[in-house]
Amino acid sequence: MSKLNKNSSGYIFGFALLVILVCGVLLSVVSGALAEKQYEERELERKKFILKAALGDKMDEVEKPDIAVMYDKRVKESVVNSKGEVVEGLAANTVKLKNEYKKLEKNGSLKAGESINLPVYEVMNEDGSAVDFYVVPTYGFGLWDNIWGYVALQKDLNTINGVVLDHKGETPGLGARITEDKIQKRYSAGKKIFEGDKLVSVTMQKGEGNDYSSDPHAVDGMSGATLTADGVNTMMANYMNLYLSFINAKKS
Amino acid sequence: MSTETQAVEAEVKEREPLFSKKNRKLISNPLDADNPITVQVLGVCSALAVTVKLIPTLYMCISVLFVLIFSNVAISLLRNVIPGRIRIIVQLLVVASLVAVVDQVLQAFAYDVSKQLSVFVGLIITNCIIMGRLEAFALANKPGPAFLDAVGNGLGYAVILIPVAFFRELFGSGSLFGFNILGENYPGNGVMMSPVGACIVLGLLIWFQRSRNGYTEEA
């Protein structure tokens with residue numbers, strides 16, 4: 001065979017095609033091989049978040065394999081719509097919160113003609129005889145990208161037991177602090193979402209280091225991350241509103 | 001391009017052992033006198049971005065080392081068949097594929113860390129150290145030396161990032177590897193948590209290194 005001309009278009013195209021094929025095959029093999037493990041990790045995180053919102057710090061000490069066992073034992077999943085009716089035949093873990101969030105208008109109300117699927121996680125007491133906490137997922141937008149979280153309500157469906165917040169791209173050290181226990185605990189100190197019969201949600205305030213222990217609807221803010229806090233507030237208000245029918249139905 | 005590489009190879013005609021004196025320099029030089037970050041001032045972006053905590057930093061260093069080794073060796077193996085006109089995009093493709101592999105592996109086996117590193121794993125693709133080594137070394141050298149060069153530069157990257165992360169985690173959050181060191185009452189230091197802190201620590205490291213080595217920037 002004569003020497004190939006490495007500058008001919010044919011050679012260049014051929015070479016490019018070959019490299020692309022090799023890289024493509026490599027990537028699809030890796031991605032295929034790891035997909036199941038990645039899904040497990042995400043599921044485990046979801047379960048941990050739900051349990052942590054309800055049961056608090058002690059979840060940090062629970063080993064990974066035990067989280068799934070505990071979840072299966074204590075959590076009852078269901079899906080409701082914005083009218084509070086149970087959506088039959090839909091598993092809570094298959095609801096993609098990100099897609100459901102897209103059904104909302106800018107002001108948080110449901111787009112006309114849309115029906116939203118809202119997962120509800122009932123965390124039962126130790127012997128499984130009664131519901132201890134109602135955990136509901138929330139989804140919204142922070143400063144840069146999506147944020148989400150789980151809110152655990154106590155049996156009265158009014159007092160917040162705990163929240164777990166997470167984000168995709170908030171600024172480290174500022175908005176990303178919503179993932180810190182210290183910030184999330186601010187929601188745990190007997191904050192309430194109702195004032196009488198009226199839903200008022202809980203609002204993170206501007207500025208940091210203030211005492212809001214006397215106000216059940218306000219929590220201390222994050223200095224330098226007011227816009228992320230605004231996102232959290234909107235998310236909380238929107239979703240508490242979406243779950244309102246469910247909450248009222250459970251209360252009566 | 002091809003005549004260039006052939007000329008370089010002709011110079012090293014006699015087969016030299018992998019760990020010859022010259023080759024050992026490939027590892028030792030980037031650690032100090034020719035460090036990619038402090039001397040060549042490449043890859044500074046990630047040195048500022050991922051050094052808030054030690055554990056993610058360690059994962060980042062391992063990821064960069066992995067990508068650097070495999071891409072350097074791969075490009076070195078391909079050096080005589082890559083068409084000169086598309087060599088950059090081929091390098092980019094190889095690097096991007098390797099980074100995607102790293103990202104997938106982290107998501108499967110170190111989920112928490114992969115969340116903390118978030119976009120910065122993907123940004124390894126644009127890390128100048130990697131493209132720099134591919135262009136400057138792998139394209140003109142055999143796989144053996146290319147491997148050593150990658151190890152050297154990967155470690156040279158780590159040897160700067162880890163001290164930066166050490167000081168940032170210690171003074172920023174009062175802990176090391178997530179364990180509290182400075183006590184519960186340490187209020188934390190916002191400057192150290194932000195990239196500004198990294199800039200300061202890195203500047204001090206460069207100062208220290210240059211005053212010790214007597215290195216000065218050529219005009």
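Q: What makes B:F177 a loop residue, and between which strands does this loop run?
A: In this predicted model, B:F177 sits in the loop that joins β1 (175–176) to β2 (179–180) of chain B.

Q: What is the phi of B:F177 near, and is the value positive or negative?
A: Phi of B:F177 is near 50 degrees, which is a positive value, and the residue is one other than glycine. Most residues other than glycine have a negative phi.

Q: Which residue of chain A has a phi near 60 degrees, and where does the residue lie?
A: That is A:S201, a residue other than glycine with a positive phi. A:S201 lies in the loop between β7 (198–199) and β8 (203–204) of chain A.

Q: Why are α4 and α9 of chain B called roughly antiparallel?
A: Helix α4 (residues 54–78) and helix α9 (residues 143–173) of chain B pack at an angle of about 165 degrees. Angles over 145 count as roughly antiparallel, and therefore α4(B) and α9(B) are roughly antiparallel to each other.

Q: What else describes the packing of α4(B) with α9(B)?
A: The axes of the two helices are 8 Å apart, and α4(B) passes α9(B) in a right-handed crossing. The residues of this contact divide into 20 nonpolar, five polar and two charged.

Q: How do you know whether the radius of gyration of chain B agrees with a compact globule?
A: Set the two values side by side. For 219 residues a compact globule would have a radius of gyration near 17 Å, and chain B has 19 Å, so the value agrees. The C-alpha atoms of chain B fill a box of roughly 65 × 45 × 30 Å along the principal axes.

Q: What makes up the secondary structure of chain B?
A: Chain B has 11 helices and two strands. From the N terminus on, the elements run α-α-α-α-α-α-α-α-α-β-β-α-α. Of its 219 residues, 38% count as buried.

Q: How many helices and strands does chain A have?
A: Chain A comes to six helices and nine strands.

Q: Why is chain A called more spread out than a compact globule?
A: The globule rule gives 18 Å for 252 residues, but the radius of gyration of chain A is 23 Å, well over that value, so chain A is more spread out than a compact globule. Its C-alpha trace spans about 90 × 45 × 40 Å along the principal axes. Buried residues make up 30% of chain A.

Conventions
Residues are numbered from 1 along each chain as its sequence is written. Chains are lettered from A and ligands numbered from 1 in the order in which they are written. This is a predicted model: local features need pLDDT of at least 70, side-chain atom pairs count only at pLDDT 80 or more; totals for chains, interfaces and linings use all residues. Helices (H or I, at least four residues) and strands (E, at least two) are DSSP runs, numbered from the N terminus. The radius of gyration is taken over C-alpha atoms; the globule rule is 2.2 Å times the number of residues to the power 0.38. A residue is buried if 20 or more other C-beta atoms lie within 10 Å of its own, exposed if 12 or fewer, and partly exposed in between; C-beta atoms are placed from the backbone. Axes are lines fitted to C-alpha atoms, for helices over the stretch in contact, and angles run from 0 to 180 degrees between N-to-C directions. Angles under 35 degrees count as roughly parallel, over 145 as roughly antiparallel, 65 to 115 as roughly perpendicular and the rest as oblique. A crossing is left-handed if the near helix is turned anticlockwise from the far one by less than a right angle, and right-handed if clockwise. Ala, Val, Leu, Ile, Met, Phe, Trp, Tyr, Cys and Pro count as nonpolar, Asp, Glu, Lys and Arg as charged, and the others, Gly among them, as polar.
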